[in-house]
Amino acid sequence: MKKRLLATAIGLSATLGACSQDAPDSATTMATTPATNTVAAPLTGDPATMANPFFTPSSLPYGLPPFDQIRPEHFIPAYERAMRINLQEVNTITANPDSPNFDNTILALERSGDDLRRVSRVFGNLNGADTNPELQAIQREMSPRLSAHRDSISLNDALFARLDHVYQQREELNLPPESLRLLERYHDNFVRSGALLSEADKTRLREINSELAGLGTQFTQNVLAEVNDSAVLVETADELAGYTPAQINAAAAAATARGHDGKYLISLLNYSNQPSLRSLSNRNLRERIHTASLSRGTRGNEFDTRGIVADTLRLRAERANLLGYDTHADFILEERTAGSATAVNEMLAGIVPVAVENAKAEGAAIQQMINATEAVPFELQGWDWSYYAEQVRKERYAFDSSEVRPYFELNSVLTNGVFYAAEKVFGLTFRLREDLPSYHPDVQVWEAFDADGSPLGLLLTDFYARSSKRGGAWMNSYDLPSALTGGHPVIAMHQNISKPPAGEPTLLTFDEVTTMFHEFGHVLHGIMTDVEYPFFAGTSVPRDFVEFPSQVNEMWASWPEVLANYALHYETGEQIPQALLDKVLAAEQFNQGYSTTEYIASSVLDQALHQLPLEQIPTAEQLLAFEERVLRENGLDYGPVPPRYRTAYFSHIMGGYSAGYYSYIWSEVLDADAVEWFRENGGMRRENGQQFRDALLSRGGSREAMQLYQDFAGRQPDISHMLRRRGLAE
């Protein structure tokens, strides 16, 4: 989902965290051998270890990992073997007596690290989607070891000397454009990884990277543990008024699973505003849930993350200074399409007042609803917003969200909606492969076919929430093809939808429907990749561009032809009534002041934290006060609308979106303009899909991001489309 600063330099590919959340920060992800220019001992062919499934290529279709054979004890030996192979590959490059050239240095680097990439992808994806104490212990051990391994390559003087030799001759090499871009990106990445530093600074950089790797792991594990520990226990079913019978049964099953027979458990998701607040009429319970949500990571317990965040901010700032940048934000934004902190700040500052003004207008309407319906009116609070916004929606548009859920059954949304749109626009089709193994019973494996019927790759769908799964929604890849290395796309998409009791249908909110289309947009970006080099494959684009294709794909969720095909009543098969459908579409701008404000608040916090110079980084004890001050000074201290993520559980910025959470709104400018392009050119037509695929989706990061957009649309994007979509144009 991003260009990786360190990992790409050793052939590791980006893992998409999405969106939504969090591919790990390449500078803080999982590497401890001393970071030297030496090479590990040669491999031995010990037969006792050869049963490890990572020691031989997968025999399954498309190289699907043999999940049914992989066990936790396989990972450390597989990592150690893969790191030794990787170092031997690098040693072969540096020991080559021939003068450095593109083939024996750059292409050799591109081919290296395949074993390590394979192990890392499987481990990272399993640890995120279905972790356990064994995997978490492996992550804690391997994070600093892998950091040291990456540094041993990116800070290898002999390797950089060869790379730099080729780079200095680049104008005389007459390389094809994609090859020249590959050379330039490698050189930039090595420089940004510290290749030009003094030996003393390199030593300190290695220490920082190792510490950051450990902190990133600790934060991820604490956030997951805190989400589970903060679940709200309810004594009686009467307190759950507003829940459907299926939701009450699910809460009872969750409580029983935790050893609380006869009670009810409301699990939290990793957002500030919890979905349960929309339905529950018991105000005291809503307040308990809201308070539990906002206090995560700050309760002073074993899962408190404030110290981790403060240490991470300090180390990132120090690393930026070492590398010649004033702040971490300057270091990160140099490579984004935004280009600078100034550009990001100006964009956010332009949206804040309009978003907050709209949110306050929405809040006034909600307050009127409270005053009119409650015997003893009260002042609107954060735990009231979603519940009474539903009442306002019902009054204004004559429907509430519970009316539409029976028409949004999960399997129908996927097959008759997401897959249907992909076939109409791109010619892709999908067939369930029940014969192939997966890592969890809830996961399904689908085979993808191209428009001409030829096999394309595999898609794993993993939709249900569980205590072993991190929050949010995301896409990741197990393999991505390129002309240089071959291979086939093996992609996975994840959500955190509450699983109903056995025998009950999975009925989605329209937000969950839109999220499914969104994540599938990332899938399309990966599964249709067609590049020369693995460096550029799939979603290997700037962070503030990667959300653009996925946000474009959201348009098909409400496209009338698609909606009519998947919005079928789960019991009768009846199409959603046109009158109800019209109300759903008319309400699309409803509550946009709230959603824009909560998002912008988190984006502003992210920038404020990462634009601080080293000497101004807050301590753990100062972190909450700093957060409050930033919101107040930016006009975002509107009490009923908390930031979408508070700092203590803001997984995006502890992962791959540090100084980059603004990316969603930045990408939405492109997205809204692209939707207009589709409409101007006839909408859901194969010709339009082919243009989008050929000019942009298939090209990955092989060209500059904005050039890719212009190749597709033939124009610069117009911000007015985004503002109009959100109801902010005035």
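I started at helix H25, residues 705-713. Helices here are DSSP runs of H or I of at least four residues, strands are E runs of at least two, and both are numbered from the N terminus. I listed the buried residues of H25: Ala705, Leu708, Tyr709, Phe712 and Ala713. They span an arc of only 115° around the axis, so they sit on the same side of H25. The arc is taken from the directions from the helix axis to the C-beta atoms. Buried stands for under 20% relative accessible area, exposed for over 50% and partly exposed for in between, with a 1.4 Å probe and protein chains only.

This is a predicted model: local features need pLDDT of at least 70, side-chain atom pairs count only at pLDDT 80 or more, and totals for chains, interfaces and linings use all residues. Residues are numbered from 1 along each chain as its sequence is written, and side-chain values use heavy atoms, without hydrogens and water.

What do the buried residues of H25 pack against? I found helix H17 (543-553), helix H23 (663-680) and helix H24 (686-695); contact means heavy atoms within 4.5 Å. Glycine 714 follows H25 with a positive phi, near 75°.

Next I checked strand E7, residues 490-497. Eight of its eight residues are buried, so the rest of the structure largely encloses E7. Val490, Ala492, His494 and Asn496 point one way, Ile491, Met493, Gln495 and Ile497 the other.

Then I looked up its partners; pairing takes at least two DSSP bridges between two strands. E5 (residues 455-464) runs parallel to E7 over six bridges, with aspartate 462 opposite histidine 494. E6 (residues 474-479) is antiparallel to E7, with five bridges. There, aspartate 479 has valine 490 as its bridge partner.
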